[in-house]
Amino acid sequence: MGMIIQVQNLVKRYGDVVAVDNLSFEVEQGGIFGLLGPNGAGKTTTIRVIMDILNPDAGSVTVLGQSPGQAKGRVGYLPEERGLYRNLKVLDTLVYLAELKGVSRPAARERAMGLLERIQLEEWAARKIRDLSQGMQQRLQFVASLAHDPEVLFLDEPFQGLDPVNAERVKDFVAELHREGKTIVLSSHQMNLVEALCDRILLIDRGRALLYGPLAEIKRQYTPNAIRVRASHIPADLPGVVEVEPDDGAFNLGLVEGASPQKVLRALLDRDVEIQTFEVAPVPLEDIFVAVVSGEEEDDGLA
Amino acid sequence: MDWRKVWVVTRHEYLVNVRRAGFIIMTASVPVLGIVVLLFGAFFAGQARQLGAFFEEQFDVGSKRIGVVDGSGTFSPILPEYQEDFVPYTSEAEAEAGLTAEEVSAVLLIGEDYLDTGRVVVMTTGSGFGAAMVSDSTTVRAFFVDHLLADWVDPALRERAADPMDAEPRVISSGGETQGEGSWGFVFTFIIPYFLSIFLVTTIFTSSGYLLQSVAEEKESRVIEIVVSSVRPVELMAGKVAGLGALGLTQVLVWLLSTVGFSGGAVALLAVAGAAFIPVRVLVLGVVYYLLGYTLYAILMAGVGALGTTMRESQQLAGIFSFFAAVPYMLSGFLFANPNMLIARVLSFFPLTAPTMMMLRLPLAEVPWVDVVGSIVVLLLSVPAALWVGAKLFRVGLLIYGKRPTVKEIWLILRGEV
């Protein structure tokens, strides 16, 4: 798969404040790319530059081999600050937004009706948006970014303000779009959802890249040398184990560097320990996020 | 500039706003008023006489006859042609009784020293306004002049002295053309174009007001970021200016057509006759100033409107432009007397007042060509400058939520640092 978004040495300033500081990354075609970072990290500014809403002060951006301005019609966008025309009819809104992206009126109507069916709002097509419930409006906002059938979709905090049911619906929708071959760039604070959806991530703070690459690789890098075992007991002289810590009916075993979890498992079986679960301790993305951002702030004397 | 997208925005703005309740109510106000007048007329058609009597009764101030107590002897006996309207009394007490009994509506107490002093007491009931009306009445003045000259000059001269002139305005322009010949000529040459100017100026502000509303609503509803991810701000602005300009013209057209319809074509005839009298120069320049004025104000309204965080805030910010545009109206009284006065000429070169000032001045006098050319050049230079400023404010202002930018931030926006 090729890279369809390329950002090179991007810089964006607001007066004296550097919002994006020499940022470079690429997004793979057909993937779900997570753009992560704390509030004010520069995520939305980066997306706005890629969407041609803001001009960069330095650096270059190409989307689908074109400049952001030229690629507008092939890219969809669900902004963090979002809303729709409250006094406009549901169908008219989708048709207008698609037409703005260059789709002809008949094609826009057909596409809009298909999308409304997909989110079970087809019966509301002729109603005004203000008549829709909050949840319906959120679903409509989501499909409004798809009205012109984009190749690339930017979702800035798509789960913000959603109840768990609607968040799950949107998550499923994103997964479905991914299966259809769309490239998705996702910015979110909800790490569990990012973890479930994204294959590659970029973590930024104060406009600078802190972590970048395939999610699995990053998680592997940050996996601690530890095992979590749910068992009747833990013998004292296990090879490579330096620490045993009971935790909620299980045991967290700290290993010396280079120790093999397989050897520990064999040793437990050799000693007839009754094992219920044995896992190499997973590291939630959230922990990596907090650790990296806090570490960065400490290095800069901000913590 | 992607003109297809501009067209999509233009059509959207027009179609959405033409269905707004506010627009429909305002546009329908003139036809509805016409219908009310027609129904009123139809209802009373069979009772025209009663209707006339009804109005007569409403406006009747009682007897129109005037009592006279002549202490000077100059007005006795009362000349035959005035005997129907003027009633002689021998004393003030008798006249007062006649006034109280509503035999007369006023009494003139003419003293013995009248010929030396001209002093006349005007006695009325009710407010002092009635006395003032009597003093200013043409009939009363004729009564005095006729009686004073009765024994000295012939009736024709007396009549002329009582009504010395019937003025017909005639204005000679610097090119030697004659304008406004006759009373109707004056109406067609000055009054109709003047009100036409006011009418057009009003539509400029109606349309740019809709534009302000449209921008503020898009921003307030947070839909704007989706829109500017699809079209460039300058394209969005151009589409809005065109669409809402067309909306303003629609309103004018509906008003004109309904006026023509309800008045059985009389207004149309008047308009045709008026147009024949309105110099081509005034008509052509009126259209030029209308287009330049609307474009300038609309762009500025859109730019400044985008800075507000709510509709009300945007309206407050845009109020500054309405103030400037209203300045020429404030000077209307002076403009009638001297359309080429210095302040009017100065304001014709200031971009924010030039369109309205020139539209008001043009019908009233021969405006110097230097003012016409100068003001058009100023406006032609101002429109791109406004577009530059407006587009910058619009582009950045649209994405500022929750707080109005400070003057310093606006300065940074204009310098391109935001």
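**Figure 1. Where chain A meets chain B in the predicted model.** In this predicted model, 20 residues of chain A are in contact with 19 residues of chain B. On the chain A side, helix H3 (residues 90-100) of chain A supplies the largest share, with four residues. By type, the residues on the side of chain A that touches chain B are twelve nonpolar, six charged and two polar. The scores of the model are ipTM 0.78 and pTM 0.70.

**Figure 2. The two domains assigned to chain A.** The domain assignment divides chain A into domain 1, residues 3-220, and domain 2, residues 224-280. Taken over C-alpha atoms, the centres of domain 1 of chain A and domain 2 of chain A are separated by 44 Å.

**Figure 3. Chain B as a whole.** Chain B has 418 residues, of which 32% are buried. Its secondary structure consists of 19 helices and six strands. Among the contacts in chain B with a separation of 6 or more, 69% join residues 24 or more positions apart.

**Figure 4. An open sheet of four strands in chain B.** The strands of this sheet in chain B follow the order S2-S1-S3-S4, with mixed pairing. Strand S2 (86-89) and strand S4 (120-124) of chain B are the edge strands, each pairing on one side only. From one strand to the next, the twist averages 25°. Strands of a sheet pair through backbone hydrogen bonds, in either a parallel or an antiparallel way.

**Figure 5. The pairing of S3 and S4 in chain B, and the helix packed on the sheet.** Strand S3 (residues 106-110) of chain B runs antiparallel to S4(B), and five bridges join the two. Opposite Val107(B) stands Met123(B), a residue of S4(B). Helix H4 (residues 92-100) of chain B packs on the sheet. Helix H4 of chain B touches strand S1 (66-70), S2, S3 and S4 of chain B, and its direction makes about 175° with that of S1(B).

**Figure 6. Confidence along chain B.** The mean pLDDT of chain B is 77, and 76% of the residues of chain B reach 70 or more. Confidence in chain B is highest in S2(B), at 92, and lowest in helix H3 (residues 48-59) of chain B, at a mean of 50. Over residues 58-62 of chain B, pLDDT stays under 50. For residues 58-62 of chain B, the model has three contacts beyond four places in sequence. Where pLDDT is low, the predicted coordinates should not be read in detail.

Terms used: Residues are numbered from 1 along each chain as its sequence is written. Chains are lettered from A and ligands numbered from 1 in the order in which they are written. This is a predicted model: local features need pLDDT of at least 70, side-chain atom pairs count only at pLDDT 80 or more; totals for chains, interfaces and linings use all residues. Two residues are in contact if their C-beta atoms, placed from the backbone, lie within 7 Å. Ala, Val, Leu, Ile, Met, Phe, Trp, Tyr, Cys and Pro count as nonpolar, Asp, Glu, Lys and Arg as charged, and the others, Gly among them, as polar. A residue is buried if 20 or more other C-beta atoms lie within 10 Å of its own, exposed if 12 or fewer, and partly exposed in between; C-beta atoms are placed from the backbone. Domain bounds come from an automatic or database domain assignment. Two strands pair if DSSP finds at least two bridges between them. Axes are lines fitted to C-alpha atoms, for helices over the stretch in contact, and angles run from 0 to 180 degrees between N-to-C directions. pLDDT is the predictor's confidence in each residue, from 0 to 100.
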